[in-house]
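User: I'm new to this one and would like a walk through it. Could you show me the structure before we start?

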Amino acid sequence: MCHISDPIDRALLDDWQRDFPVTGRPFQVLAEKLELSEGDVIDRLARMRAAGRITRVGATIAPGAVSASTLAAVAAPEDRLEEIAAMIDAEPGVNHNYQREDDWNLWFVATGPDREHVNGTLSRIGHKTGLRVLDLRLVRPFNVDLGFRMSGRSRRVPGARKVDRSVMQDGDRDLLQTLSTGLPLVADPFAAMARSVNREEEHVISRVRVLHDAGIISRLGVIVRHRALGWSANAMVVWDLSPEQIDRAGPALADHPGVTLCYERRPVEGVWPYRLYSMIHARSRKEAREVLSGAAELPELVGARHKVLFSTRCFKQTGALIQAKEVAA
């Protein structure tokens, strides 16, 4: 991968996008594996974060496990694109916002502690922009464990994990919000996290382990900025299939090499008929189209009507909003 020439940096990113050690000195564990000093590991991660190659060392939370979210889109006039993107970005609950090649050209994810919060975000965006907002709610995920290898095209996709919400306790949302925002890059990040929420380090470590084992934390590790690392030809491919067809097509598409995300969402009658969504993150459009050609030949997808929306710009990419924040002015 040309953007990460240092083999140690590549190993940090390849090996620690998940299963980050939940212990008092986690960076020391990484250091021992890489035969480095703890300080060197922290410095390297801090440098890559400052350079925009990673967003954080932290967690992604299973969709719908403890909060609400939806994929949404607006059709922004070209001469108002920047203005409308800024309005969308100003909402604290928006954690992703991309421009894509379609009449519906701004696609964003609205998150919040509950559905009422998400509805409020979408309502404000519609009111401020004067545009219709498509609310494309998740029905079922097939693969949402996004990860990227710095060397080679192969990528092991872990099987779907069952989420056990019954383990949630008072105060866990604070921990999940901190992890979603990102751990501090210090020798004792869980101790620093504990101080920020007025708890003991042992309690925080214990709860993080429980939440991870329960599948509420879907991935704990280095969260990369894929565009900055060379995956700049990214396409959302949407498929017009019935729910019954998706029963078979969803798992098959999720398992296809090169497909990095796959899920079913509600359509919008008369406007947006597509139910099955997939993401292809590639290093060139040629590579992306090769992945798509292979997917379109799957027995479960042969002849299915689909649309390809390449991403052209990232306006915002952060962790999900789990605890409510004051709405931006």
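User: Thanks. Are Trp 107 and Trp 272 buried or exposed?

Analyst: Both Trp 107 and Trp 272 are buried, where buried means under 20% relative accessible area, exposed means over 50%, and partly exposed lies in between, with a 1.4 Å probe and protein chains only. Please keep in mind that this is a predicted model, in which local features need pLDDT of at least 70 and side-chain atom pairs count only at pLDDT 80 or more, while totals for chains, interfaces and linings use all residues. Residues are numbered from 1 along each chain as its sequence is written, and side-chain values use heavy atoms, with hydrogens and water left out.

User: OK, and how many aromatic pairs are there in the whole structure?

Analyst: A search of the whole structure gives four aromatic pairs; rings of Phe, Tyr and Trp (its six-membered ring) pair if their centres lie within 6.5 Å, and planes under 30 degrees apart count as stacked, over 60 as edge-to-face and the rest as tilted. One of them joins Trp 107 and Trp 272, a tilted pair with 5.3 Å centre to centre and 55 degrees between the planes. Trp 107 belongs to strand β4 and Trp 272 to the loop between β9 (259–265) and β10, so this pair ties together parts that are 165 residues apart in sequence. Helices (H or I, at least four residues) and strands (E, at least two) are DSSP runs, numbered from the N terminus.

User: How are the rings of Tyr 263 and Tyr 277 arranged?

Analyst: Tyr 263 and Tyr 277 form a stacked pair, with 5.9 Å centre to centre and 25 degrees between the planes. Tyr 263 sits in strand β9 and Tyr 277 in strand β10, so the pair ties together parts that are 14 residues apart in sequence. Both Tyr 263 and Tyr 277 are buried.

User: And which residues form one aromatic cluster?

Analyst: That cluster is formed by Trp 107, Trp 272 and Tyr 274.

User: Switching to charges: how many salt bridges does the count come to?

Analyst: The count comes to 20 salt bridges, taking a salt bridge as a side-chain nitrogen of Lys or Arg within 4 Å of a carboxyl oxygen of Asp or Glu. Among the residues involved, Asp 6, Asp 9, Asp 40, Arg 44 and Arg 47 are linked in a network.

User: What does Arg 44 do in there, and where is its partner Asp 9?

Analyst: Arg 44 and Asp 9 meet in a salt bridge of 2.9 Å, N to O. This pair links distant parts of the chain, with Arg 44 in helix α3 and Asp 9 in helix α1, 35 residues apart. Arg 44 also forms a salt bridge with Asp 40, the closest N and O atoms being 3.3 Å apart, and those two residues both lie in helix α3, four residues apart, about one turn of the helix.

User: Why do Asp 9 and Asp 40 count as they do for accessibility?

Analyst: Asp 9 counts as buried because its relative accessibility is 4%, whereas Asp 40 is partly exposed, with a relative accessible area of 26%. Arg 44 counts as buried, at 11% relative accessibility.

User: Now helix α5: what span should it have?

Analyst: At 1.5 Å a residue, the 15 residues of helix α5 (residues 115–129) should span 21 Å, and its end C-alpha atoms are 21 Å apart, which agrees; the expected span is 1.5 Å times one less than the number of residues. The buried residues of α5 include His 117, Leu 122 and Ile 125, and what covers the buried residues includes β2 (68–74), α4 (81–89) and β3 (94–100).

User: Last one: how much of helix α7 is buried?

Analyst: Six of the eight residues of helix α7 (residues 189–196) are buried, so this helix is largely enclosed by the rest of the structure. The buried residues of α7 pack against α2 (26–34), α6 (172–181) and α8 (201–213).

How values were computed
Contact = heavy atoms within 4.5 Å.
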